[in-house]
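Here is a note for someone opening this model for the first time.

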Amino acid sequence: MAKVQVFNHPLVQHKLSILRDENTGIKSFRELVEEITMLMTYEVTRDFPTQAIDIQTPVATARAQIIFGKKVAIVPILRAGLGMVNGILKLIPAARVGHIGLYRDEETLRPVEYFCKLPNDINEREVIVVDPMLATGGSAAAAIGFLKDRGIPHIKFMCLIAAPEGIAAVHEDHPDVDIYTAAVDSHLDEKGYIIPGLGDAGDRLFGTKY
């Protein structure tokens, strides 16, 4: 069974508190999303295997460890997921980046893929799907499903704030996908917003009305 890991580190929680504040401006909001993502990446990559190598320091030969056998791809769910990409790239600059866009069909109410551009070798990579908010879970579950349909075997999901309903929805469809989040909030309101949440992450990232 997949796990849900909540990051209770003081730095993450401090920055998340500022992120939630309605008085936090666009510049600070963008920076905080990037910083929290970077801190979370430390733990998301904890299971990456390493290999021992010999390196020459200025004074002696040292036995050192390097990451081995894990290539990474980041797949943000458009549009808000874009705000998390640079935080991961600062720690894993060789990671490739794909993009997936979804909209909800007004008649069926199901997510429909409208854009998908992925690295050619993504099937060989550890894929981290990112979206700041895991609310109903519909978009996240659909995005993961679309990636699995393309034969991608190793997928993790990272968000900043999750609702219990979203976690349940993702794990119902994808019980093998680990979820990493900085907070699990109380519930969704009648409009599908996370309570207390932080509002619409995309609007706050890009300065559109919310």
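1. Helices α4 and α5 cross with right-handed geometry (a crossing is right-handed if the near helix is turned clockwise from the far one by less than a right angle, left-handed if anticlockwise). Helices here are DSSP runs of H or I with at least four residues, strands are runs of E with at least two, and both are numbered from the N terminus. The model is predicted, so local features need pLDDT of at least 70 and side-chain atom pairs count only at pLDDT 80 or more, while totals for chains, interfaces and linings use all residues. Residues are numbered from 1 along each chain as its sequence is written, and side-chain values use heavy atoms, with hydrogens and water left out.

2. The axes of α4 and α5 (residues 164–173) come within 8 Å and cross at roughly 25 degrees. That angle makes α4 roughly parallel to α5 (under 35 degrees is roughly parallel, over 145 roughly antiparallel, 65 to 115 roughly perpendicular, and the rest oblique). Axes are lines fitted to C-alpha atoms, for helices over the stretch in contact, with angles from 0 to 180 degrees between N-to-C directions.

3. Which residues bring α4 and α5 together? A140, A141 and I144 of α4 meet A169, V170 and D173 of α5, contact meaning heavy atoms within 4.5 Å. Five of these residues are nonpolar, none is polar and one is charged. In this scheme Ala, Val, Leu, Ile, Met, Phe, Trp, Tyr, Cys and Pro are nonpolar, Asp, Glu, Lys and Arg are charged, and the others, Gly among them, are polar.

4. Helix α1 (residues 10–20) and α2 have axes that come within 10 Å and cross at roughly 155 degrees. The two helices are therefore roughly antiparallel, and their crossing is left-handed. On the α1 side the contact uses L11, V12, K15, L16, I18 and L19, and on the α2 side F29, L32, V33, E35, I36 and L39. By class, there are 10 nonpolar, no polar and two charged residues in this contact.

5. Helix α2 (residues 26–44) also packs on α3 (residues 82–89), where the axes come within 7 Å and cross at roughly 50 degrees. The pair is therefore oblique, with a right-handed crossing. V33, E34, T37, M38 and T41 of α2 make the contact with G83, M84, N86, G87 and I88 of α3. Here the classes are four nonpolar, five polar and one charged.

6. The largest pocket has a volume of about 720 Å³. It is lined by 25 residues, with D131, M133, A135, S139 and D200 nearest its centre. Two or more lining residues come from each of β6 (99–104), β9 (133–134), α4 (138–149) and α6 (201–206). The lining divides into 13 nonpolar, seven polar and five charged residues. A pocket is an open set of points on a 1 Å grid over the protein atoms alone where a 1.4 Å probe fits, with protein on both sides within 12 Å along at least five of seven lines; lining residues have an atom within 4 Å of a point. Grid points are joined across faces, edges and corners, and the volume is the space filled by probe spheres set on them.

7. Two cis peptide bonds deserve a check. The bond from L78 to R79 is cis, with omega near 5 degrees, and R79 lies in the loop between β4 (72–76) and α3. Another cis bond joins I195 and P196, with omega about 0 degrees; P196 is in the loop between β15 (194–195) and α6.
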